[in-house]
Amino acid sequence: MAQIDMRNVQKFFGANQVLKDLDLTIEDGEFVVMLGQSGGGKTTALRAIAGLETVTSGQILIDGVEMQDKKAADRDIAFVFQSFSLYPHMTVRENISFPLRAVRMGSADREKAVNEVAEVLQITEHLDNKPSALSGGDMQRVAIGRALVRRPKALLMDEPLGVLDAKLREQMRAEIKRLHIARGSTSVYVTHDQVEAMSLADRIVILHDGVLQQVGAPEEVYLHPTNAFVAKFVGSPVMNIHEAQFSGVNGHSSVHIGGAGTGFHFPEQLINHVRNTGQAVSLGVRPEAVLLSHEPQEGYFPAQTSNIEPLGSHDIVDVLVGETVLRARTESGYIAREGQQVFVNIDPAQAHFFDGATGLNLRGAN
Amino acid sequence: MAGVQTSAEKWTNRTAIAAVFVALIIMLTPIYWIAATAFKPRNLATTIPPTVVYEPTVAPFVKLFTKRSQLREQPTQEEYDTAPWWEKMVYDGGEKVVRNRKTGEVRSSGYGDRFKNSLIVSVISTILAVGMGTLTAYGFSRFKVAGEDDWLFFILSTRMLPPVVVAIPMFLMYRVVGLNDTHMGLIILYTAFNLSFAVWIMKGFIDEIPREYEEAALVDGYTRIQAFFKVVLPEALTGMAATAVFCFITAWNEYAFALIMTNRNAQTAPPYIPSQVGSGLPDWTVIAAGTFLFLIPVAIFTFLLRNHLLRGMSFGAIRK
């Protein structure tokens with residue numbers, strides 16, 4: 001088990017900079033998920049930790065020892081690939097014991113270690129099969145087994161569930177979490193799936209264009225995104241973000257979106273610091289903070305509904321506000337049919353304001 | 001195959017199968033002809049119309065391996081009776097086996113040595129071409145090589161002119177460095193011919209092997225060369241087998257350079273077989289026997305590697 005430090009890590013592919021001044025500390029035993037779009041630099045960062053990619057400058061420390069110039073083999077780190085990359089010409093047993101043969105472990109010890117890992121991952125019955133005979137989930141179990149068998153300092157996983165179907169992904173997600181809790185290995189996990197990130201991570205690291213956007217616990221990232229990118233990336237359905245105008249009517253401050261004549265009422269203290277900047281500002285509000293009502297209420301204004309997505313436990317309803325659409329989360333069946341009129345409001349306490357130019361959250365940490 | 005076929009599709013299929021049969025017959029007829037002639041008595045080999053039904057004999061093979069001369073006078077009854085069965089066959093053909101005057105040993109025609117030369121040169125040059133080709137292809141496939149495309153084009157360009165064009169300069173160079181009529185000389189030549197082919201084919205195969213396999217091995221504590229041998233090579237075997245078959249066939253069948261560069265010591269079978277046409281009246285059965293035996297190693301080699309070859313022929317589609 002180990003602590004991993006990245007200090008001012010830069011990585012260029014030719015003229016293209018894929019990691020920009022990356023500073024990150026992963027604590028011993030922590031489960032960190034790197035989240036971002038493809039091309040965001042998360043896989044490169046992971047491969048740099050593993051030693052599969054050199055860094056252009058900066059330091060990578062494992063347990064305080066500089067590793068950036070060491071070979072992958074000397075870093076004592078395990079890596080799980082998206083494609084599993086099980087060796088097709090070896091049986092499952094040979095695959096799992098492959099890392100142990102590298103360190104010339106005796107065959108009795110090897111057998112013991114393999115059986116132990118196989119039992120934990122429930123793949124004992126497949127030990128003598130070739131990988132091609134396994135299902136996707138079992139293949140990934142074997143890949144994880146191969147990573148865990150020599151008890152590495154850290155376990156790195158690059159979208160390990162990416163090629164599995166949705167149901168299996170959910171099941172494997174739970175297994176990975178269970179395994180992490182049981183073994184407490186320092187784990188770094190790369191994904192573009194924010195649900196995976198939220199459910200697995202102790203801390204989420206969000207990377208975009210090679211720049212670290214935010215590091216924090218899942219709920220912190222969800223509730224207090226530092227910028228519009230993070231806000232949009234985390235959470236499903238996506239946060240509603242629309243350009244906002246301000247007005248003051250009847251002693252209320254209102255925030256208008258989509259050119260609508262009526263705005264949402266906001267307490268002065270919540271918007272004072274953003275309304276007078278003179279900059280373009282966007283309002284961000286998650287679907288669960290969009291409030292709908294069949295009856296007119298104070299602060300609600302009438303709007304048309306359009307598309308409804310029934311999801312069983314709840315519905316996602318599109319509400320036309322001015323020229324834009326606000327997506328609202330409602331209890332299922334609350335809006336019976338498309339085109340129905342409702343009254344809409346938002347919860348000011350859950351609203352965010354983003355700088356139109358930089359995307360920074362203007363509210364700061366609440 | 002689709003589960004349901006319309007009658008039009010059925011007829012298309014039948015026509016295609018018929019066409020394949022016709023093609024097969026056209027391809028196989030010369031091979032049948034060689035095999036049939038190799039077992040014919042000499043007087044039936046060139047009859048018009050061809051003799052189809054006959055009593056097979058191994059006399060052509062006996063003649064193929066022994067040095068013979070025309071009988072000036074018939075052997076005595078005692079000589080004939082004491083001769084072994086194979087020598088009788090030669091007597092029956094109006095020839096006698098030439099023996100060493102001192103030891104009485106039967107003198108060889110030299111076909112066996114030529115055959116052995118063919119095997120040595122083809123096998124070694126195939127191993128070298130496939131081995132070096134695989135390593136080169138791995139380098140091109142996995143590492144950034146400055147001017148990679150140019151290098152690959154250059155490697156391919158060595159095949160762009162007919163090899164015979166350089167036969168005379170090669171011959172002169174070989175004479176200077178003493179590689180004329182040596183196994184080494186032919187091995188170098190054939191390896192050079194096949195190498196560009198091997199590099200290109202193997203690059204295709206190695207490109208198909210996911211890099212993650214080696215990366216997994218690298219992370220697991222292996223060096224790159226260990227990763228190559230333990231992970232890449234087993235995955236590349238199919239491609240290597242397919243490449244080896246092609247290289248072997250090219251080297252085995254090569255005629256022009258073997259004819260020019262060798263005469264006794266390192267001569268291979270292809271230039272030797274037709275050289276028998278010229279001495280005395282051509283004995284087509286002996287030539288057919290020599291050719292027939294010459295076909296066998298390639299057939300065996302291809303048969304042994306057939307499983308690899310079938311997958312390998314799809315050039316690259318080796319995963320799962």
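1. Let's start with the sheet in chain A of this predicted model. Six strands of chain A build an open sheet, and their order across it is 6-7-8-3-9-10. The pairing is mixed. From one strand to the next, the twist averages 15°.

2. Which strands stand at the edges of this sheet? They are strand 6 and strand 10 (211-216) of chain A. Each has a single partner strand, so one side of each is left without a neighbour in the sheet.

3. Now follow strand 6 of chain A to its partner. Strand 6 runs parallel to strand 7 (residues 154-158) of chain A, and four bridges join the two.

4. A word on how chain A is divided. Its domain assignment gives domain 1 (4-226) and domain 2 (240-355). Taken over C-alpha atoms, the centres of these two domains of chain A are 40 Å apart.

5. Chain B has an assignment of its own: domain 1 (7-38), domain 2 (59-97) and domain 3 (111-312). Between the centres of domain 2 and domain 3 of chain B there are 40 Å, again taken over C-alpha atoms. Five residues from domain 2 of chain B and eight residues from domain 3 of chain B make the contact. The domain 2 side has four nonpolar residues, no polar ones and one charged.

6. Finally, have a look at two helices of chain B. The axes of helix 10 (residues 224-253) and helix 13 (residues 284-304) of chain B come within 10 Å and cross at roughly 175°. Because angles over 145 degrees count as roughly antiparallel, helix 10 of chain B is roughly antiparallel to helix 13 of chain B.

7. Which residues make the contact between these helices? Helix 10 of chain B brings Val245(B), Phe248(B), Ile249(B) and Trp252(B), while helix 13 of chain B brings Pro297(B), Val298(B), Phe301(B) and Thr302(B). Seven residues of this contact are nonpolar, one is polar and none is charged.

Key. Residues are numbered from 1 along each chain as its sequence is written. Chains are lettered from A and ligands numbered from 1 in the order in which they are written. This is a predicted model: local features need pLDDT of at least 70, side-chain atom pairs count only at pLDDT 80 or more; totals for chains, interfaces and linings use all residues. Domain bounds come from an automatic or database domain assignment. Two strands pair if DSSP finds at least two bridges between them. Axes are lines fitted to C-alpha atoms, for helices over the stretch in contact, and angles run from 0 to 180 degrees between N-to-C directions. Two residues are in contact if their C-beta atoms, placed from the backbone, lie within 7 Å. Ala, Val, Leu, Ile, Met, Phe, Trp, Tyr, Cys and Pro count as nonpolar, Asp, Glu, Lys and Arg as charged, and the others, Gly among them, as polar. Angles under 35 degrees count as roughly parallel, over 145 as roughly antiparallel, 65 to 115 as roughly perpendicular and the rest as oblique.
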